[in-house]
Amino acid sequence: MSHGRNRPNAPPERLDTARTKNPPRSGHPSFPSFESFFTERAIIDCLCAWRIGRARLRNDRLFLHRIKAHHDEPPRKEHDVLFPPRRTWHRYRPRSRGERAGPELNRKALRRAILAQWKQEHPKPWAIELRKYVSNIRRRVLEDNGFRFVEPRIHSERKAAGCNEFRPIAVFCLEDRIIENQLARYLRACLDRVFDDASYAFRVGKNGNPAPTHHDAVREILRIRAQSDSGRLYVAECDIRGFFDCVDHAQARK
């Protein structure tokens, strides 16, 4: 997968932002720039979301461990070196919480803490490691020398309790998960314009509004029901069993 000619050569003290080299022609739809999903800022935002989600899971798992009379702090994970300590980025939490949820406030606080160090001439050790990490992601994706995902770790997961049928799960490394996430966002932004208005899955936000959710779909169903003269409305859900098992991988790559 080779995209773009802009190499990630921005100096480390400046946060790279998206630049569109070729504006859309008049009369043609404006498609997002692939490079805009892999700027330093975009990758940092994705890493912050991952870190906050991981913190919530880790906190739940360690709850019983921490309330014991005597306990040792759990060992640091390999990716902890990319982020400031929690006591550091909690200083950047907004003073007024408003109606925002805790994870969203934490994500913004972490992002502010990172950006505060990003421009420093003598950054903290974690900021140096994070710069290298972000630069490596941009190099892998944006340079014209081809791209390959690192081979994932495969493990099996039972489909249902008491069932002897298992589903293979591919676990990619964090770097590839960030790339996959941003690539999916880029594809959604490109394809959203051809989706039917009645489709609510995998959409993007428009005009400053967030992407639609299942709540919006339910509200639309209720609206249609209220306008229905028959008094009876049927809602059907279907899934295609083993759909991706039938996709030709060679064609998908092509």
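Select Phe 34 first. Phe 34 is buried, at 5% relative accessible area. Buried means under 20% relative accessible area, exposed means over 50%, and partly exposed lies in between, with a 1.4 Å probe and protein chains only.

A word on the model. It is predicted, so local features need pLDDT of at least 70 and side-chain atom pairs count only at pLDDT 80 or more, while totals for chains, interfaces and linings use all residues. Residues are numbered from 1 along each chain as its sequence is written, and side-chain values use heavy atoms, with hydrogens and water left out.

**Stop 1: aromatic rings**

Rings of Phe, Tyr and Trp (its six-membered ring) pair if their centres lie within 6.5 Å; planes under 30 degrees apart are stacked, over 60 edge-to-face, and the rest tilted. This rule gives six aromatic pairs. Phe 34 and Tyr 186 make an edge-to-face pair, 5.0 Å centre to centre with 90° between the planes. Phe 34 is in the segment before α1 (40–61) and Tyr 186 is in helix α6, so this pair ties together parts 152 residues apart in sequence. Helices (H or I, at least four residues) and strands (E, at least two) are DSSP runs, numbered from the N terminus. Tyr 186 is buried too, at 16% relative accessibility.

Ring pairs link Phe 34, Phe 37, Phe 38 and Tyr 186 into a cluster.

Go next to Phe 147 and Phe 149. Their ring centres are 5.0 Å apart and their planes stand at 85°, so the pair is edge-to-face. Phe 149 is partly exposed, at 36%.

**Stop 2: the largest pocket**

Keep Phe 149 selected. Phe 149, Phe 172, Glu 180, Ala 252 and Arg 253 lie nearest the centre of the largest pocket, which 15 residues line. On a 1 Å grid over the protein atoms alone, a pocket is an open set of points where a 1.4 Å probe fits, with protein on both sides within 12 Å along at least five of seven lines; lining residues have an atom within 4 Å of a point. This pocket holds about 1100 Å³ of space. Colour α6 (174–191) and α8 (249–253): each supplies at least two lining residues. The lining has ten nonpolar, one polar and four charged residues. Ala, Val, Leu, Ile, Met, Phe, Trp, Tyr, Cys and Pro count as nonpolar, Asp, Glu, Lys and Arg as charged, and the others, Gly among them, as polar.

**Stop 3: the second largest pocket**

The second largest pocket has a volume of about 520 Å³. Select Arg 167, Pro 168, Gly 242, Phe 244 and Asp 245, the closest to its centre of the 15 lining residues. Then show strand β2 (residues 166–171), which gives the most to this lining, with five residues. By class, this lining has eight nonpolar, one polar and six charged residues.

**Stop 4: a loop**

Move to the loop between α6 and α7 (214–227), where Phe 202 sits. Phe 202 has a positive phi of about 55°, although it is not a glycine. Phe 202 is exposed, at 63% relative accessibility. Now pick Asn 207, in the loop between α6 and α7. Phi of Asn 207 is positive, near 55°, and Asn 207 is not glycine. Asn 207 is exposed, at 78%.

**Stop 5: helix α5**

Finish with helix α5 (residues 125–142). Its 18 residues reach 26 Å from first C-alpha to last, close to the 26 Å expected at 1.5 Å a residue. The expected span is 1.5 Å times one less than the number of residues. Its buried residues include Trp 126, Leu 130, Tyr 133 and Ile 137.

Notes: Grid points are joined across faces, edges and corners, and a volume is the space filled by probe spheres set on the points.
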